Structure formats: C-alpha cells, structure tokens
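Please look over the sequence and the model shown here before reading on.

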Amino acid sequence: MSIVTKFILKNISEKKFRSFLILFSIIISTALFFSSNAITNSVGKMFTERVKSFYGSTDVLVQSNSNSASPFFTMDKIGRFSGKIDSVTGIVQGSANYIYNKNETLNFTMIGIDYSGYSKINNIDLEGKTFPAKFDGKLAIIGQRTANKYGLHTGDTVHLEMNGVNTNFTIAGIAKQTGLFMNDGITKFIIVPRNELGSLYGSGGKVNLALIKLKSRQDTKQFISDLSKEYKNYTVKEPYTKEELSSLTGGMATGLLIMSIMIAAISIFIIYTSFKVLTMERLPVTGTFRSVGATGKMTNLVMMAESTIYGILGGLAGCLLGIGVLYVLTTLTGSDMLSSNTSIPGNSDGGNVAISFTAAQMGFSFGFAVILSFISSIIPIIKISRIPLKDIVLNNIEVKNRKSRKRLFIGIAIVTAALIGPPLFPFSIAGITDIFCIIFTIAAVILLIPYITSACTILLEKVFGKFFGNEGILASKNVRGSKSIVNNICLLAVGISSLIMMNTAGGSEVAMLTKLYKSADFQVWITSMPNADKSMTDSIKSIDGVSDVYPIYRASKILIDGTNGRSLGLLDGVDKAKFQQYWKLDWYGDGNKLLNGLDTGRNIILANTMEKVLKVKEGSEITLKFPSGNRVYKVIGFANTTIGDGSYGLISENNLKTDTGMKYYNNIFIKTGKNPNAVKQEILDKFAGVKPALKTVVQMEQDDRDALGNTFTILNGLSIVTLIVSIFGMLNNLIISFIERKRSLAVLKSVGMSKRQIIKMVFIEAIAGGIIGSMAGILAGLLLVRNIPFTMEAMDMFISVQYPSWSLLLDAFIGMAIFTAAAISPAIKSSKLKIIESLKYE
Amino acid sequence: MNSSKYNNESGVLIMENVIEIKKLSKSYEMGDTEVKVLDEIYLTVKKGEFSSIMGPSGSGKSTLLYLIGGLDKPTSGTIEIDGEELSSMDDKQESIMRRRKVGFIFQFYNLIPNLNVEENILLPILLDGKKMKNHKNELDEILDIVGLTERRRHTPRELSGGQQQRVAIARALINDPEIILADEPIGNLDSKTGTGIMELFAKINKQKGKTILQVTHSKEAAEYGQRIINIKDGRVLLS
Ligand SMILES: Nc1ncnc2c1ncn2[C@@H]1O[C@H](COP(=O)(O)OP(=O)(O)O)[C@@H](O)[C@H]1O
Ligand SMILES: [Mg+2]
C-alpha cells in the first residue's frame, strides 16, 4: 500500500502547476461554499450578541408601538402572570445630549433602570468597588471607553440636556465592556436611575419598555399570546425572531451561493480536463501495471485515490480559507446588515465582529470538496478503463473527437428547461429550483459550446480569410479542431457570464435606488415617531424652514392570501391630495384618476413588479391578511416604482386605518427650502423625548448606496475571482495544447511557415477564441441575468433588472484581452520551436 | 523559370548544381563531450538528379537531409540551394525557400490531423499567401498523380499509411519545388506500397524534371534513382 501512496504523492508533486490548479480551484469553491453557508450563522451570531447585550436574558419584551396611546405603560398587568415569570424589570428609555465642550455635543441613549431588577436580567460589570449602596438620585453609569475618551472618572459631574432641561449627574460607576456596554463607543448608553429619568419625562412611575425572563422558555409562544391580550396596543414579542435573523443575510448568502456554484462549475471543468490529460499521460504506466497483472479496478482505484487526495487536501485548505473569507465578509458587511435591523435600541454601524459556524457546515463543505473532486475525475477515469488492455499496452489510443448528437440534445433540452422553468415554479419550491436553473444554464453552456464554436468558426473562416489572409483561415480551422481552445472558450464563457450576472444585479439594485430617491420629492424623512398624530405633525410644520409636512400610515409585510406566503413589503394608506406632491411615480395611465379611484371602495394600486409576480391585472382581486381578518381588494391600476423594492401597494388612508387598526402616522415626509440637516436637528431637539428616527433624504440615499455598494463590491470581487480561476484553467489548457500542438506546428514550419506567420496564426486563434468565448459568455450571462429576478423573488425580494447594453462591449473586450494575453507565451514558444526536436521527440 | 543553360558554342546541356555543400559539420553537445554527427562533408547535387543516400543507422543521413532542407542549423560549413547560401537567409527567406524550392517528405508522413487531404496538400500554397481556388487545377492534377482524388475530403486519420505518405508527397509537390527531399519515405510501408511510391518518384523525376534526394535503406528503392551517396560515421564515402 505504501508504494501506491508514494506513487500517488509523486504524481501529485511532479506536475506542479496542474496540481496547484486542481487544488486552487477546489480550495476556492470550498471556501466560498463554506462561507455562503456560514455567513447566516455569523451575522446571526453578531445579531444575537447585540440583542443579548441590550436585552440580557430577556425572553419576552413589551414596548410601545405606533398604535399605543402613550409610550408609557404600567407593568401591573404583567404581574398577573407572576407564576410563569422568573424576573421582570421596567425601563424608561430616553435620550440626552452630553455637552462635552462648545463644539462637541453627543447624543446618548438614556436607560433608566431599577438597579436590582435590571441586574437579574442583564449584568452590569463595574470597575472598582466605589459604587454607592443605593442607585438613586442623580447618579449615572457610563462605559469604560466613553470614560476614557472624555476623561471622566467616578465622582465627576456630567451635564446632560434632556427634554430641553439641563441636569447634572454624578458618575457613580464605570462599566466594563460587557453587557449593555459591550460595544461602548459605537453604541452610546448612559444608565441612570429609573425614577429620576421617569420624573424628567413625567412618566408618572410608568415605563416604556418591560423586560421579562420566563421560568420556562417553552412557554414563550403561549405567554406572548396571553400577554398580548392584556397589552392590546403595545408590542409583545421576543427580542428577535428567526425570520428577522434570516432576512438579515438572505441576499448576501444567496449571492455567495451562486458565486460558489459558478466557481464550482469551473472547478469541475478544470479537474475534468486535467484528469483527462492525466489519465492519458498515465496510460503507459497503467498499461505496464496491468500487463503485470493489476486489474482495471486496481488501476482505477489508484487514480480515484489520487482525486480523493486532491479533494481532501483542497477540502481542508478550503475550509481554512473559508474561515478567513467568512471573517472578511462579516467584517465588511456584517454591521451593515445588522444596522438595517431596527429592533435593537442604539444599534449602529460598527461593533464587534464575531464569526460563527457549525461543525456540520464545516463537515458539509469538506464533503463538498471531496465529492467535487471525485465526480469531476470519475468520467475520464472510467473512460480510460474501458480501453482494451492490448491498446493500452501498445499505446494505441485514438482520441475520438466526435461530437455526439446526444450531447447537443441534452444541452438544448436543459437550456430550454432553464429558460421556461423559472416563471412556472411555485413560490414554495422556487428557492431551490431557481438555483438549479442556474446550474442547468452553466451546464448547457458547457455542453453546447463545441457546437457554437463549430458554427462560429465556419463564419469566422470567411471573415478572417478576408482580414488576415490564409493564416486567418488556418487559425479558424485550428480553433474548431482544438479541444484545448474549445475548453478555453468554455472557461472564458463561464467567467464572463458570472461577471455579467453580478454586474447586472449590482447595477440594477443601484438603478432601483436611484429611481426610488428620484421619485421622492421632499428633503427630510422621519421613518418612525411614536404616537405621531395631527398635533405632532402640526408641531413639525411650525418648525422654522419646514414648508410642508405629509404624514402617512404605512403597514409592512402584509401577507397575501392564496400565494404560498407572498406578501406586500409595504402598503401605504395615502392621502390622494398630497401623495402626488411628495412622490413622483410613473403611473400606468393618469395618476390623479387612479388615486381618486382608491376612495371608491377597497381598491389597490400595485407596483408593476407585483403585476407579474402575483399574475394580476387591472380588475383582479387580491386578498390581504390583516390582523383583523382577510380583506378583498380590487386592483385598479399599477405604478412603475421601486418603493418597497417593488413589493408595494397603495390603498386609501381610511381603508388602511380600518383594516390595520393603525391610529398613528409612522412615516412623515417633510419639505423644506432650507438646509435639511438643520431641519433634522431642529426636529431631533424638539422631539428628544419621543426619539424619532429620521434622516435627510440625501443621507438616506447615501447610506443605502453604501450598504449596497459593500455587498456588491464583494460579489463583484468574487466574480473577478471566478474569472481568475478561469484564467488559470485556460493557462493550464494552453500548456496542454502547446504540448499537443508542438508536432503540428513543427510540420507547418517544415512546409514553410515563418515565425511571423506562426505568431500571427496563434494570435488570430486567440482573437477567434476570445470572440466566441465572449459571445457565449454574454449569451450565458444574459440567460443567468434573466434568472436573477426569479431567484430573488423566491426569497421575497424583487428587482427590476436593467439589462446591460454597452457594458457588454466592455465584457467582450475583457474576454478578448484575456484570451489574447493568455496566447502570448504559447505564441512565442511556438515561433521559437525547433522543428526537428519537436518532430523527433514527442 | 528555366534554370538549365545551354552552352552556345557546343550546344551541350550543362547541368547546374542545385545543391552545393561545402565542409559541412554538425555536432551535438552531450554533457561535456561533443558528438560529431557530420564531419566536413562536401556534396553537390545536379538539377534533375534522383539520388539516394544510404548508410548504416545513426550515420547522419537524416541530419544531412534536415540541414539541406533548412530544418536544422549546421555547426559549420555552407549549404547553397540554387546558388543561395542557407545561413545568410533570415527566417522569412528561409520559410519562403521551404515553401517554394524544397518539398520535404518524412518517414512518418507528418500531416496536420485537423485538416483534410486537400487542405494538407495545399498548405505550402496557403502559407505562400495564395488563394486556394486559384490552384484548383494543380490540386486536381496532383490528386490524380498520387491517386487520392476520391479521398480528397478525408482527414489523415481515415487514411492508411501508404495513402498518408502519398498526401505528404502531394504536399511536397504542390508548389512545384525544384527539389524533393525524402527521409526514408517508404521505411514505414509494406513493400508493395513502397514500390508504388518509388514508381511515383521516378515518374515525377522523369516527367517533371524534379531533383530528388532520398534517404533509404533499401537497394531496390535506391535503384529507382541514378546515383547513390554512401554515408558512414558522418562522412561521405567516395563511390
Ligand atoms: N538532437 C540530438 N542530440 C544528440 N544527438 C543527436 C541528435 N539528433 C541526432 N543525434 C545523433 O546523431 C546521429 C545521427 O542521427 P541521424 O541523422 O538521425 O542518423 P540516421 O538518419 O542516419 O539513422 C545519431 O547518432 C544520433 O544519435
Ligand atoms: Mg534517419
């Protein structure tokens, strides 16, 4: 056995570039596969850690929402369930400005706690032991980093401005970087006694957040539903739900999965071609082994062992690299994903990066590597084993270059399936089937490229003959006849298509953002403001510089009955007089007329994306599921808009209020002729007590762009990695093809081909390969792009794809450049080739 | 082009030297030692001559032929083809010489597998930048001579050894070169096929007046020509 092992290891170390290439491709695909699986875990872990840092061991929380009559409530009714409760504590939340000096004012989130009650749910770990026996009066606890940054010590006094009143607090303790203060510096919390904060806000002993820890977590669901009945207009929920968790990473995880599929496809191709050459090279040895009595099975096993070793080595290294990739991905995008979630108070960009994965994910990825390597190499190995022993021993192998008709039919069949499938798959299985369609598309491209190449070269022969003379004709014939060039065309096509797919997805998302913000005709956007009513909006309107205010009722995630769980991401109750002044949408028809129609019954206008997704037209009816029950709406028209990423509907203000039971506005659009930032600050100051969430529209667009940019920088980067793996594969093929072609080139030289002519011919071949590869890549890319909306819809995300146009020329150019650059070394080598040596020694 | 000249006074045909080799040596370095394969060879071949090089294996026959065909470079000495020094040619001139002046035939045919019979034959024409369709007549004629008219669209893989060698011969003839160099052209064929090829050579030599220089091991094959050049240990033996 050790001889065989030695033999295999020697084989692997002998052909360094090829072994490197096989390992490299396995490693990259495994790393990506691993990180696409584990990113959800990691971001999830960061998310849950953040949730935990704020909520501690809370199982259920109660807080006000836009329907609550007052942000404050009494905890009496919670007491009725004391049998089930381990501990409960009430919190008053507010905000304060800390005036450090004239130029620097910082906004802190004030957490008013009852020290002993809060300690039972979330630990406060203080430095030193100078803490007063009783946490009462004007005392404050700040975090270590904040203390260091502003030179604050225990016993110092801080001036905090709250609700327009200046109050001095004494620092009673400085907390270590744990619990609430885990991300201190990025989050800004100050803990004060609850009574003190409550009296500043006039809460009258009430709280605006209650944290409950249950005796048994199994009761959580039941407990929530029971408690909800007591707190009808308040939110009773777990700190976070599974859905919230998976929605954080859905797009990124899928993007990664698709990229790992693309790279895996290229890897399969690379390993397959490498093993084809490898088995041929090994033939004399195989023959010798077999002539001395080894069975075909034994020689097969040796080669399979070799491919398994590649799989194991690549799998191990790939998992290691995957951890690195995961770390980088989480660092770059994790906090963006987290900050999109608003359920954690004081949540913001930055913070600790933690990666997390399961042993199963690691094992799964390792298995993926081994299987990838094994299935890619098994076909060449089996093919070789079918060759009769006599022919092997006599090295009498004819490589058949026949293109079978079966291959053509299979190729056409699966590309057709991938084309007509996606619109037909039901929502419940589309997540999986659409990914399969991507795999199918790539497989079809690989199957069909030999035929596409044949067809193209017939055409190119004519064109090149005209442009480049007879060398052009010869080059075209070579492209058709050369397996290596056809292989390179495949590799280039897959590389280019992944580039196109990712660029298009990114470009389309950016276009959707641009369109969204272009249609918003106001300057400041309040995205949440508790208890916003008419008096509050009037009060906003009275702020200097505010020219007009439009408050709106906006419901989110309204399920649509009979659609396997599809929902409307956003549903606006609109004031027909004002909506048009604030949102410039592309209506299908007359906007005013459509909006007027909303008042004549339960009528809805949908974003045009929904027209296709829900398969509805004007006059169709859809049933929306509201907490109060199902309501049938008639579709009266469509608007081309990217609000809610296209998962959007408009109904009348009254219908929305009736059906959702909403009492307060939750989005407020503000027009101003003055500096929007100043207006934003004014609002923040004026409503410090209710903590509105708001941004200027310019800022919001920028933030959205940044978040998107990060994600797509990564996915684009990965598509470039895909291209690089393809290029490596191409170089490998060119090395193989040069060895194979040496003889032919020598013959051509012997009948009078000059160096110049050889270089010319090799470059024309490269141009032809580049053209065909780029064209095939563009075609495949467009097929894949067509799949994007379906794949996203399967995750309940919507995209209106902006089909690339001019950028395709750039892609084609990149393809040609790669192909031509890759041909430089073979061209030079070919021209320098010594005729006699090449003819004599093969 | 008529390269033979008549002496005006006597009217006697004076044969011109098409190949003129002087003091030609070729050696290979094998580690520290230098192996002399050809040792100061002098040789002239006249136009229209059909000569055969004979000698033991490893005596340098192929090497000599390759050097004459410009497929390899000598260590020292000169080779003139039609009065032109090979070593003074640049790559382009040398390539043109290989296309137009010399046709080379190998023992193992050396055809291009992805081109069909016609295309293989037309290679020197193609490389000369000429249009294929302008040479249809020559092609038909040559296919007829080598007896492959029916196989013109076949690929080399679909042909027997003898047929492949005839394609190689046709390729060597298509551009109407003055000199045919053949390295053991029938060494890999059965004797019947070999005889056919030799008859073809004799025919080309007589009818078209081509200069033929072949390497052969067979006395019978050599007898198709007019002259035998014996080589041993890298030297031409006086005959
Ligand atoms: N590239 C080379 N390197 C070293 N020796 C060579 C090389 N090519 C040929 N030889 C040697 O030159 C000698 C003559 O070879 P060759 O001309 O092929 O002989 P022939 O054709 O007469 O059988 C042989 O001894 C051979 O080993
Ligand atoms: Mg020889």
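Predicted model: local features only at pLDDT ≥ 70, side-chain atom pairs only at ≥ 80, totals over all residues.

Residues are numbered from 1 along each chain as its sequence is written, chains are lettered from A and ligands numbered from 1 in the order in which they are written, and side-chain values use heavy atoms, with hydrogens and water left out.

A salt bridge here is a side-chain nitrogen of Lys or Arg within 4 Å of a carboxyl oxygen of Asp or Glu. By this rule there are 38 salt bridges over all chains.

One of them joins A:Glu461 to A:Arg480, with the closest N and O atoms 3.1 Å apart. A:Glu461 belongs to helix 13 of chain A and A:Arg480 to helix 14 (residues 470-481), 19 residues apart; helices are DSSP runs of H or I with at least four residues, strands are runs of E with at least two, and both are numbered from the N terminus. A:Glu461 counts as buried because its relative accessibility is 18%, where buried means under 20% relative accessible area, exposed over 50% and partly exposed in between (1.4 Å probe, protein chains only). A:Arg480, at 25%, is partly exposed.

A:Glu471 is buried at 10%, whereas A:Lys760 is partly exposed at 31%.
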